[in-house]
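Q: Please take a close look at one part of this protein for me. I would like to understand its disulfides.

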Amino acid sequence: GRLDVGLRSGVAEHDLAVVWSFEASDRFEGFSGSSTVTWPTWCGNLFPCRSQAAQGQTVTLDVAPEAGLQAAFADLVAPAPSYQVAWAQGDWETLDLGTSDGGTALSARHWTQDADRAALGTASLVDAFSWLERTLGPYPFGDEAGVVEVDWGAGAYGGIEHHPLWHVSSIALHDPVVMIHEAAHGWYGDGLRLRCWEDLVLSEGTATYLAARILGQVVDAAAEAAVWDDYAGELTGWNGVGTDVAWIDQGCDVEDPVAGALRTRAPYIKGAFFYRRVAEEVGAEALDAVLGGFFRDHAGQAAGMQDLLDRIQADTGFDPSDLAEAWLLSDELPADAP
């Protein structure tokens, strides 16, 4: 429901204590018994919140795990969307990955039997984090970050951007693309929030593009090309990404991005190809600079996709409107699609 609180005027600061309880869910809609899923709008199943992506808050957590288990959680030291609050419990080993150039200590919590897969998936993570810090700006959520292996069941492939300890499903733990995609959300989607759910492409399309771009920078061109080949397969693949819109350029009317027009992978894949086409026009380094300047100007705040389009034109002189129309707003694929 809703709690309205009246506060006395003229008092600079108030303390409010709210006591509540919640139940475990057998769906990805709160606490599953071993980990939480609050993205995109399920925070209300765990704690009093507002699930709008634009709302930012800092959070202090204290999680007591079941006997014999560890708890993985972290405070949110910078304003973050409500879906970022998360925790998990399990019996993990911790792989210390090293420290990024920006001073962020990175780690991977994994089950004993998955040590090799965790090492494979995170092999480039420190270098990727360093690239993000150099290119986009300082990491917003403290001096420690990393991945936590969680059990989402068979077929649940991927991760969720619960920075600074994001979750990756056990079957995706070996995948550097998933790792770097979720890492990039520390900047776009979390550090820079969405003004509206309609702007989901500003989070997911950016992270999807950056996963390919960064692998090309910290591994090699072949690694990046392989990612783009996979993305191209999604455009006309089983899920019909190419026939869905990636961006809804209108008011903030969408309450849940996975329940309406943005329910597919279109914001991810068509968004990534939009950025790739912009990079072909202005140069990848110039686009890096735009993304970095835009993040630094909006860190800890909410922004929309149109804001970024305006920034691309202001910084490079190139008007991306036609590419946005073709790749983001259309429910068809451009003629030059791979």
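A: A disulfide is a pair of cysteine sulfur atoms within 2.5 Å. In general, a disulfide is a covalent bond between the sulfur atoms of two cysteines. This model is predicted. A search of the whole structure turns up two disulfides.

Start with Cys43 and Cys49. Their sulfur atoms sit 2.0 Å apart, and they form a disulfide. The torsion about their S-S bond is about 85 degrees, so this disulfide is right-handed. Now check the cover on each partner. Buried means under 20% relative accessible area. Cys43 has a relative accessible area of 0%, so Cys43 is buried. Cys49 is at 27% and counts as partly exposed.

Next comes the bond that joins Cys196 to Cys252. Here the S to S distance is 1.6 Å. Cys196 lies in the loop between strand 12 (193-194) and helix 4 (200-218). Cys252 lies in the loop between helix 5 (221-235) and helix 6 (266-282). The pair therefore ties together parts that are 56 residues apart in sequence. Cys196 is buried, at 7% relative accessibility. Cys252 is partly exposed, at 48%.

Number the bonded cysteines in sequence order, and the pairing reads 1-2, 3-4.

The protein chain has nine helices and 13 strands. Its radius of gyration is 20 Å, close to the 20 Å from the globule rule for 338 residues, so the chain is as compact as a globular protein of that length. Buried residues make up 51% of the 338 residues.

Note on methods
Residues numbered from 1 in each chain as written. Predicted model: local features only at pLDDT ≥ 70, side-chain atom pairs only at ≥ 80, totals over all residues. Heavy atoms only, no water. Helix = DSSP H or I, 4+ residues; strand = E, 2+ residues; numbered from the N terminus. Rg over C-alpha atoms; globule rule 2.2 N^0.38 Å. Buried < 20%, exposed > 50% of the residue type's maximum accessible area, 1.4 Å probe, protein only.
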